[in-house]
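Hi,

Here is the structure I promised to pass on. My notes follow below it.

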Amino acid sequence: MATPLDRIRNFCIIAHIDHGKSTLADRFLQLTGAVDERNFQDQSLDTMELERERGITIKSVSVRLTYTADDGTEYVLNLIDTPGHVDFSYEVSRSMAACEGALLLVDAAQGVEAQTLANAYKAIEQDLEIIPVINKIDLPSADVDMARRQIEEVVGLDGDSAILASAKEGIGTQEIIEAIIGRVPPPKGNRDAPLKALIFDAVYDTYRGVVIHTRVKQGRMRKGMTIKMMSNGLQYDVNELGVFTPAIKPAESLETGEVGYVICSIKTLKATKIGDTITDVANPAPHPLPGYQEVNPLVFCGLYPAGETDYEELRDALERLQLNDGSFQYTPDSSDALGLGFRLGFLGLLHMEIIQERLEREFDLTLVTTIPNVGYRVLKSSGEEMIIENASQMPAPNEIERIEEPYIEAEIITPTAFLGAVCDLCKDKRGIHVRIDYIDNNRCMVFYQLPLAEVVMDFYDRLKTISRGYASLEYRLLDNRPGKLVRLDILLNGEPVDALSTIVHRDRAEQIGRTLASRLQRLIPRQQYEVAIQAAVGNKIIVRETVKAMRKNVTAKCYGGDITRKRKLLERQKEGKKRMKQVGRVEVPQEAFMALLQVDGDRDK
Amino acid sequence: MIGVYLHIPFCRLLCPYCDFVKRPYKGAAPDRFVDALVTEIERFEGPREACSVFFGGGTPSVLTREELERIFSALRQRFTVAPDAEIGFEANPDDITPEALAAWRELGINRLSVGVQSFDDGALTYLGRAHGAKAAHQACEWTAEAFSNWGMDLIFGAYPVESWGRTLAACRAHAPPHISTYGLSYEPKPPFAKRAREAVDDDVYIAQYEAAHTAFENHLHYEVSNFALPGYESQHNLLYWRNAEYAGFGPGAYSFLDGIRSRNLSRFRDYERDPGGKSEALKLTPSEIRVETVIQHLRLREGLEKRVYVERFGRSLEADYGEAIRGLVQRGLLEDEDGCMRPTLKGFEQNSEIGLALLG
Ligand SMILES: Nc1nc2c(ncn2[C@@H]2O[C@H](COP(=O)(O)OP(=O)(O)OP(=O)(O)O)[C@@H](O)[C@H]2O)c(=O)[nH]1
Ligand SMILES: [Mg+2]
């Protein structure tokens with residue numbers, strides 16, 4: 001029995017990071033009896049190991065709930081819990097396309113923050129019905145009036161319609177659900193029209209293969225029917241479909257307005273594209289759904305197999321992971337120092353860290369990551385123009401007419417107490433002041449234009465530090481601007497290590513070169529021969545450090561006859577040597593590449 | 001013939017850098033330990049002939065005469081100790097008195113190692129030792145009078161750095177026939193691990209190591225950390241370095257018998273409950289025994305003769321390790337003297353490099 005359209009509500013929960021989305025989702029799950037109370041865990045939809053460790057949501061998750069309203073009518077609610085961190089905003093957009101409404105959570109103690117605004121605007125753009133919810137009213141520092149005023153004045157929504165809640169204590173949960181039923185429109189779409197279903201997510205499951213997450217926009221999908229991916233024409237039989245309760249629950253069909261999963265025997269991972277439209281081969285729709293805008297990565301880095309991992313394993317892992325996260329990109333790349341690998345593009349540094357960790361944990365890989373950088377536009381003297389995502393591709397200085405770097409506009413919401421420190425930070429990061437808007441007596445919005453390269457490094461961490469966690473950041477890409485940029489090379493015994501080249505501002509080259517060289521000096525163990533570490537711009541050596549030749553490598557004592565343990569220690573040392581990367585005659589430990597990632601000059605001072 | 005090692009897991013004061021199994025010497029524990037040790041010796045099922053006995057620790061010198069008598073009587077019942085066998089004993093300066101020395105001699109102990117560590121009060125304080133320089137001098141004088149075969153242990157790499165020169169000079173004045181010099185290491189478990197960043201630079205370490213090499217030029221630098229006048233090498237330790245057989249008694253003690261490397265339970269309570277019970281016993285493969293043997297021999301200046309290898313394993317050293325050895329000779333870590341491979345001074349200083357190359 002298909003649920004009538006007017007008994008379905010599809011909504012997502014959006015907010016700034018940590019405002020309580022996943023906690024509120026817990027309350028919904030409990031209220032509707034979707035979870036087993038005995039095994040209940042907080043933020044139960046954050047199932048990924050990394051999410052639990054870090055206490056943040058990384059992936060959007062959808063769940064189908066059944067709720068009997070006050071008037072006795074049974075409703076099907078599809079909830080999508082979304083992440084709040086700026087790097088995962090793509091997840092939020094993706095989820096919105098499967099919804100008609102959004103709950104906009106505002107932490108009553110924090111008020112409106114950068115992603116509150118950004119996500120609210122996205123919801124408005126997508127024409128979603130937004131229900132503001134003021135959460136955490138149980139906190140002693142909660143200021144409901146302030147939150148209401150900010151929703152009204154900063155976001156531009158009706159502050160009086162905001163529902164007061166404490167996701168932690170379960171206050172307001174029922175009222176919110178009733179508001180969803182009353183205010184969010186049911187899905188539209190003709191159930192007899194040709195099938196159109198949006199692929200909004202997918203995962204690779206070792207046992208089931210590709211599991212597609214989909215929202216049926218019109219028509220219906222049935223078990224056994226033959227479907228077609230509209231972007232590439234590939235056809236498949238539907239082996240299984242169903243809904244998330246949150247556990248996977250098979251069904252006979254998915255109807256217009258419903259959200260669920262489909263499993264076909266999809267062999268090639270590339271065949272599945274997030275944002276693609278599924279249709280019925282027997283009765284195809286003429287046009288696909290609009291799909292998603294391609295996301296442009298902002299940060300790039302090289303990823304190379306290390307230790308036991310080989311190139312093919314890394315390639316397969318990337319292919320599978322991309323199915324689950326369409327917001328990173330990868331292309332094959334190679335490095336003299338690190339061999340065959342990939343160049344990856346990400347939406348931010350946290351995104352980069354998460355992808356790298358997911359690859360290592362979910363696929364059991366050992367990886368070496370190179371220093372992250374942004375994309376540069378290079379105009380050569382020959383008139384040729386190129387986009388450089390990898391510092392080692394940078395042409396020689398004499399061939400370069402001009403280098404341009406991407407700029408962003410940053411919008412920082414901060415308590416006025418930290419305004420001075422925030423502005424100083426922006427200035428230090430080569431920022432251009434735009435304006436300051438005062439939200440109320442205590443808070444303001446600061447606008448700066450900044451080189452993206454400065455923002456991706458350590459801007460976010462430092463912003464959090466100087467504002468004791470209170471300032472929040474949102475940014476959008478502006479344009480490319482010429483800059484005094486140079487390529488900084490690192491040489492070991494005179495040989496450049498391509499994987500360690502970076503593009504930096506000329507005024508910073510020496511400082512960064514010094515930091516890199518002294519870090520390397522500490523990380524490269526003494527070897528048979530002296531190792532010279534140099535930082536150079538063009539032909540000019542700007543910094544030099546030395547790793548002296550090895551003089552000592554001995555265990556003084558032979559522990560009461562523990563000869564086997566000593567042999568095993570040596571074997572481990574030997575293994576460690578094997579995992580080193582060979583640069584000329586120099587052995588560089590993989591940790592050296594990784595530890596170089598934080599190009600934060602301050603930490604070494 | 002095997003070596004017998006007895007681990008005496010007690011100290012009056014626990015040194016913050018030490019990684020051996022030990023506990024404070026107090027209460028009923030020593031008594032219960034001696035019971036367990038005697039039981040372990042009685043239960044031992046291996047060979048009956050001992051070519052050396054060594055009391056290590058911990059601090060064997062904390063034991064009373066009565067306790068030692070019980071241990072010796074168990075030993076002599078279970079083992080036939082060769083008449084010329086070395087019976088070595090580690091003692092702390094604090095415990096050394098003319099009376100104690102006489103008692104140890106009467107028990108049959110014929111070699112004494114004094115845990116001097118340093119003749120500098122500053123360094124002794126840094127190392128957290130109980131005794132001062134004065135006590136160390138006094139202990140050495142008394143020991144030299146009572147034992148012709150004696151030695152002292154010294155630690156370099158401690159602070160103040162300059163104390164090492166003074167300690168070397170003081171050591172020479174006592175003219176011990178045997179000296180062990182150990183570089184201070186900051187092992188992961190003892191309290192000193194937290195101070196690992198204090199470890200002296202490799203260059204200082206080597207300078208101090210070489211200073212000892214020079215200071216003791218009349219001694220033979222016969223092992224990475226050991227110096228001896230001819231005939232005064234530690235016979236017991238030579239068994240380890242030649243990868244021969246030995247049985248270890250006491251908590252956490254290692255044994256190597258019949259190709260099996262094993263370790264006693266090291267937690268005190270476990271050991272008492274099951275004296276001689278093993279926490280691990282590993283049957284080594286022939287190739288593991290071969291490589292361990294070569295690695296151990298190459299800690300010794302006497303090195304490894306090709307002939308000895310063939311006699312022991314029925315295989316050719318050249319075929320098994322020729323390439324690695326040639327590389328090491330080329331790097332100046334080994335020298336090949338008429339078919340005998342010996343480590344050079346550099347080969348001592350980078351001894352692990354030899355092992356790494358052999359594990360190839
Ligand atoms: N006092 C109080 N704490 C809350 C409430 N709701 C959530 N929290 C706490 O706020 C923190 C963040 O909650 P989450 O539910 O993980 O927040 P989120 O919005 O899902 O965070 P991201 O997914 O990372 O953006 C947790 O420590 C929650 O326990 C509330 O109503 N009151
Ligand atoms: Mg969350």
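Which residue takes a positive phi just after α4(A)? That is Asp127(A), with a phi of about 65°.

Before the rest, some housekeeping: this is a predicted model, where local features need pLDDT of at least 70, side-chain atom pairs count only at pLDDT 80 or more, and totals for chains, interfaces and linings use all residues. Residues are numbered from 1 along each chain as its sequence is written, and chains are lettered from A and ligands numbered from 1 in the order in which they are written.

α4 of chain A covers residues 114-125, and its 12 residues reach 17 Å from first C-alpha to last, close to the expected 16 Å (1.5 Å times one less than the number of residues). Its buried residues include Leu117(A), Asn119(A) and Ala123(A); buried means that 20 or more other C-beta atoms, placed from the backbone, lie within 10 Å of the residue's own.

Zooming out, chain A has 14 helices and 32 strands (DSSP runs: H or I of at least four residues, E of at least two, numbered from the N terminus). Of its 605 residues, 48% count as buried.

As for the partner, the contact takes 21 residues from chain A and 34 residues from chain B, a contact being two C-beta atoms, placed from the backbone, within 7 Å.

Cheers

Note on methods: A residue is buried if 20 or more other C-beta atoms lie within 10 Å of its own, exposed if 12 or fewer, and partly exposed in between; C-beta atoms are placed from the backbone.
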